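Visitor: I am new to this structure. Please show me how to read its features, one at a time.

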Amino acid sequence: VLSVASDRDAYISGMGATFTATLTHPTGKPVNMNNKELVATFPDENTRIPLTKTSDIAWTATVVLSGSGNQAFQVALMNLTGQGKAKGDGADKPYAEAEKTVYVYPKPTATITAPAAGSFLRQTIGVTIEVTGELGGELTVSVDGEPFSVSNVGVGSHTVPLDTTGLFDGTHVLCAAFVPDGFTLRYTSAPVTVVTDNTAPIFVSSIPADGAWTCNGLQALSVQYDDVTAGVNPSTVRLYVSGNDVTAQSRISPVKAVYEPAEAYAEGPIGWRVELSDLAGNAAEFSGSFKVDLTSPVISKFAFDRTPTNNQRPELTAEFSDALSGVEQSGICLRLDGTVVEAGIEWTPEGLRFTPVDDLPEGMHTATLDVYDVAGNHASAGAEVEVDITPPAKPVIEGTDKSETLVTMWGPTTPDVVGVIATAEGVEVASAEISSWQVVFRKTVANEFSSVSYT
């Protein structure tokens, strides 16, 4: 008896299916053979394969199938020497024969054609697998070794959905496996590494800050952004100022966008916006505004109450304003004789009032005031005061002239004298002037002068 067994009932080319032919006696008697060859019959060839005695009652031969297409595979033990007849039988025939039908198919493949390796994925995407061969079967698609799609398919292209929102942002491996109908062998695709990213980019900082004032009519705009997983796609960055697309005039990089205007902004609020996406397609938007003030504050008054003065703590008054961004109080700086002063300042609705906390020495003193508005525009003013606490020299009467009704006295003076005051009893002070100095007394009664006292 010749029997044939194989490691599977059907065969796919390239997998090395092995068939074993075994010669035994049906009663278990020992088998002796002089011609120890087996004939393996294919459609186009006869292959002689030596038999090997594996026991006293069994001889075996191993056949490895080749070729393609549906093939009937037959093995037979023949009288290969042509001595004619089996013992006890008058006919020419094989000593024993057996047949095994084997179906030979091309080796199938499963290939992931989309997405491509290195792709950035978000939301739900399609995974496309190309199945080749002649048989349909079960297609399993997995991510990181976990199946997410199992379906029965035929030969051709197949797309299955993958929801990436349940995956962590980062690197993942896609793989497909195909098992042809009637087989247990799995044909696995090459792994495809992809990156999932379902998190939008973030904006790290912007200059100027949202709502800020600036005194720079050519204020540059810059915004810094970041995306941890996929990174920002520079080609998607769009920058708008006052509704106008200025992307072409901007410098764009994967981490920053900068716009420098060629013409000055108008005073007032300016809105700007940045749109972008990461390489996975997640979109983000930044919008902000800033305000332009190109006009300096106005210092409408900055003066001491009087000068010269014998007050060693003269009062200084300042009035200032700013129509757009407003005066920045922390930016106001008052200096007296070059030294910044803080004590003695009283803030008023119109500005400030300052009185020195210590007596000023005699002489000229200079005050300066620097005022900044919130935007940074600057204005300054200066004021002087002369402190004179030394009285003028005692008047010297240089001459006297008397007439019928008048007595005139005069004398020299010094440059710091600004006035002369005269009082008298018994006469009227007609005038007191500084030419050098001169005082004229007029009689109140038209007669000769009597005794007169004066200062």
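**Rings, a patch and cysteines**

Guide: Start with Phe203, which counts as partly exposed because its relative accessibility is 23%. Buried means under 20% relative accessible area, exposed over 50%, and partly exposed in between (1.4 Å probe, protein chains only). This is a predicted model, where local features need pLDDT of at least 70 and side-chain atom pairs count only at pLDDT 80 or more, while totals for chains, interfaces and linings use all residues. Residues are numbered from 1 along each chain as its sequence is written, and side-chain values use heavy atoms, with hydrogens and water left out.

Visitor: How many aromatic pairs does a search of the whole structure find?

Guide: Rings of Phe, Tyr and Trp (its six-membered ring) pair if their centres lie within 6.5 Å; planes under 30 degrees apart count as stacked, over 60 as edge-to-face and the rest as tilted. Here the search finds four aromatic pairs. One of them joins Phe203 and Tyr225 edge-to-face, at 6.4 Å centre to centre with 85 degrees between the planes.

Visitor: Which parts does the pair of Phe203 and Tyr225 tie together?

Guide: Strands (E, at least two residues) are DSSP runs, numbered from the N terminus. Phe203 lies in strand 19 (residues 202-207) and Tyr225 in strand 21 (residues 221-226), so the pair ties together parts 22 residues apart in sequence. Tyr225 counts as buried because its relative accessibility is 2%.

Visitor: What about Tyr265 and Phe290?

Guide: Their ring centres are 5.4 Å apart and their planes are at 75 degrees, so this pair is edge-to-face. Tyr265 sits in the loop between strand 25 (256-259) and strand 26 (268-277), and Phe290 in strand 27 (residues 283-292), so the pair ties together parts 25 residues apart in sequence. Both residues are buried.

Visitor: Which residues do ring pairs link into a cluster?

Guide: The cluster holds Phe203, Tyr225, Trp272 and Phe286.

Visitor: Where does Arg273 lie?

Guide: A charge sits over a ring if NZ of Lys or CZ of Arg is within 6 Å of the ring centre and within 35 degrees of the ring normal. Arg273 lies over the face of Tyr240, 4.3 Å from the ring centre.

Visitor: How many disulfides does the structure hold?

Guide: A disulfide is a covalent bond between the sulfur atoms of two cysteines. The cut-off is a pair of cysteine sulfur atoms within 2.5 Å. This structure holds zero.

Visitor: Is Cys175 buried or exposed?

Guide: Cys175 is buried, with a relative accessible area of 18%. Cys333 counts as buried at 18% relative accessibility.

How values were computed: Helix = DSSP H or I, 4+ residues; strand = E, 2+ residues; numbered from the N terminus.
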